[in-house]
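Dear colleague,

I am passing on the structure below for you to look over, together with a few notes on what turned up in it. Please read the notes with the coordinates open beside them.

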Amino acid sequence: MSTTTIAPPAPDTWGPAGKPDPLIGRRGLIGAPVSRLDGPLKVTGAARFAAEFPMPGLLYAALAYSTIPKGRLTVLDVSVAESAPGVVLVMTYRNAPRMARGPVFLTAEKALAGDDLPVMQDDQINWNGQPIAVVLAETQEQADHAKSLIRATYAPAPAITTFAEAKTHAYQASFAGHDLASARGDAEAALAAAPFKVDSIYRTPFHSHNALELYAATLAWDGDELTVHDCAQAVSHLAWSLAQIFGIDEEQIHVSAPFVGGGFGGKTLWQHQILGAAAAKLAGRPVRVVLSREGVYRVTGGRTMTEQRVAIGAQADGRFDALIQTGTIAKTAHNAMPEPFISPALCLYSAGTVKLNVQAADMDMLANTFMRAPGEAVGTFALECAIDELAEQIGIDPIELRIRNEPDKDPALGTPFSSRHIIEAYRSGAERFGWNQRSRRPGARREGEWLIGLGCATATYPYHRMAGGAVRLTLGKDGHAKVSVAAHEMGMGTATVQTQVIAERLGLPLDHVTFSYGDTSLPGVVLAGGSQQTASIGAAVIAAQRELVAELLKLVRVDSPLAGLAPDDVGSMPGGALGKLDEPERSESYVSILARARRDELTVEASAPPPDELQQWSMHSYGAQFCEVRVSAVTGETRVSRFLGSFDCGRILNAKTAASQFRGGIIMGLGLALMEETLLDEHNGRVMNPSLAEYHVPVHMDVPKIDVMWTDIPDPRTPMGAHGIGEIGITGVGAAVANAVYNATGTRVRDLPITLDKLLANL
Ligand code: MOS
């Protein structure tokens, strides 16, 4: 195996010899609606998920949870549970192994823990629902039964369990070391002087993650080596973080997660994996820990609540004099995730003056975390509702108002946009959706009991890329290629899309490429988050392909048509060959090169360059969301009857999996708009609705046919011309629905979810 010897491409060219990535202009497999390669494994049940790994001597875990938010345990009686049928042991703070605190996500390169609280090391309680005991038994039913026999009493301590109280201690929020604040000019003065203005408070609630697959791990120690079958969206991070907690080397931990049943930002490191590993150590047997649905709500974090003020001052022609978005989010003192709701306002509009700020307020509750489009999902709700309200006041079409405030460069950074076609997305979307059917007067359309309204909103999500995506590429003498990287398939299509991209880049048919992922034995450190996995792996694959070209050229014989050529002059050719870029008939197949060199295979490993493109360009995905609702004048219920997402996300790499990602995001956005809300009991901070019976997510009957379209304009500054698409779908949906509800009814709901009680009084 060789290591990288040629310089990786400059980050705004990506092709050989400083040219654009050749895949940007190529059709072939790029964009093709290839069905999921992992689909057959999933529908036949052959795909094995974290809780499905059999192991000899496997024990099953059940977790008991605290019922107070803060204080200490006075009695923790596990004696009856210990003698229940099938029980092997009960672990509490009294007998748990000593462990270091978890490294909090974002505080170190591979830190993944949801919080840095001690895990079952003392009698202290830090949130309502904290695990206080782990029962290990021969069956899950025996463990669950024994858990019900545990008795605990507490000495409560004063706790902050309401957002209102927490807000009285709010402080400047910072995210990844940067204050969530941006200001230009005197925005309050400009707002006061503006002839048209809106100024309102918007609220979004706590949301819990509800990935279909329950959070689970099957763990086994072999001496000081730990194997974890997990459902993590960051296997390398999980291994490193567990290693810190147990005081061992990360090489001693093997994490495997080839299939993940939904992640959305939540499938990271929570107490259940740590407790599972600790209990397995104590028992000397492998352990399976599967959180119940209630357990997911008690132990794993979700999206926190926000309270946002948006104020916009404008001239009669619509131009913004002042753009203000400020407010407070709830978090805990033990995590590092202040929901960055100002991100959309940083990039979407030009304005004479700007004031953006996020304050944080700490509560005694389960640590919040990342959830699909953190920041943008709720930030666009407030911002894009306010723009709709302003448009009505000025008497201008809301799309036109947005177009009049379209910036020509990044409003906060001053850098040029790498690729921004948001107006095109709006125009084509408006035409397809029939935006001209919208009445400007609210409540003007009615069919029987149903009030009908249309709304729109902007979607946006940043382009990110991580540099840790080292990949290993092996080319065999049969002309098949294998690419390995510790990346993840959480259902979004990674395995399929990467296979397409690799095949196209190497000039091979799809069935000549194997893509391996989801295991810490593979190279690279790529977390599936921030909608950046595709670009990150894609950039590393470019580097690996250039390295492969260089290594193959060293093998060619003097009589090869490629003899004497420099790597920059040579590229992959369709049919599985290397050829001279400007003289493609000078080529030799991979099979021939390897055969004549008497090589069975050739392996290279290469890494992507650092994401320098982000220093030079303002890089984001965009979209325009269009919604039609029908609101019953009798019951106040809102039914979404039509939805269109029109996206501008660079080059689309697979039309089928992309449409699915966009639709999935939009459906999650419908939940955010109309249903989802984790309810905390204000007296004791306990989640009151920890089940899918009481925490509502959209079901089939709630979701109309969702139409999606995209500009498909490549961004020349990214690998393959592509942007991330995993998160943008949810953004803007809350506002598009709220704006449609206003258009239907004349009632402006500024606190999510838009439930019938908030509409009935005014109908
Ligand atoms: Mo996403 S919230 O970055 O998994």
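Tyr-695 is buried, its relative accessible area being 0%. Please bear in mind here, and in everything that follows, that this is a predicted model.

The partner of this residue is Tyr-297, with which Tyr-695 forms an edge-to-face aromatic pair, the centres lying 5.5 Å apart and the planes standing at 70° to each other. The two residues come from distant parts of the chain, 398 residues apart, since Tyr-297 belongs to helix 8 (residues 293–299), while Tyr-695 is found in the loop between helix 17 (655–674) and strand 30 (706–710). Tyr-297 likewise counts as buried, because its relative accessibility is 2% and the cut-off for that class is under 20%.

Altogether, the count of aromatic pairs in the model comes to 13.

Phe-433 has a charged neighbour as well, for the charged end of Arg-642 sits over its ring, at 4.0 Å from the centre. Elsewhere, Lys-267 lies over the face of Tyr-215, with 5.3 Å to the ring centre.

Turning to the sheet, three strands form an open arrangement in the order 24-25-26, with antiparallel pairing. Strand 24 (570–573) and strand 26 (583–589) are at the edges and have a single partner strand each, which means that one side of each is left without a neighbour in the sheet. On average, and with direction ignored, neighbouring strands of this sheet are turned by 35° against each other.

Between strand 25 (residues 577–580) and strand 26, which run antiparallel, there are four bridges, and Lys-580 stands opposite Glu-583 of strand 26. Helix 14 (residues 533–555) packs on the sheet, where it touches strand 24 and strand 25, and the direction of this helix makes about 105° with that of strand 24.

How values were computed
Residues are numbered from 1 along each chain as its sequence is written. This is a predicted model: local features need pLDDT of at least 70, side-chain atom pairs count only at pLDDT 80 or more; totals for chains, interfaces and linings use all residues. Side-chain values use heavy atoms; hydrogens and water are left out. Two strands pair if DSSP finds at least two bridges between them. Axes are lines fitted to C-alpha atoms, for helices over the stretch in contact, and angles run from 0 to 180 degrees between N-to-C directions. Contact means heavy atoms within 4.5 Å. Rings of Phe, Tyr and Trp (its six-membered ring) pair if their centres lie within 6.5 Å; planes under 30 degrees apart count as stacked, over 60 as edge-to-face and the rest as tilted. Buried means under 20% relative accessible area, exposed over 50%, partly exposed in between (1.4 Å probe, protein chains only). A charge sits over a ring if NZ of Lys or CZ of Arg is within 6 Å of the ring centre and within 35 degrees of the ring normal.
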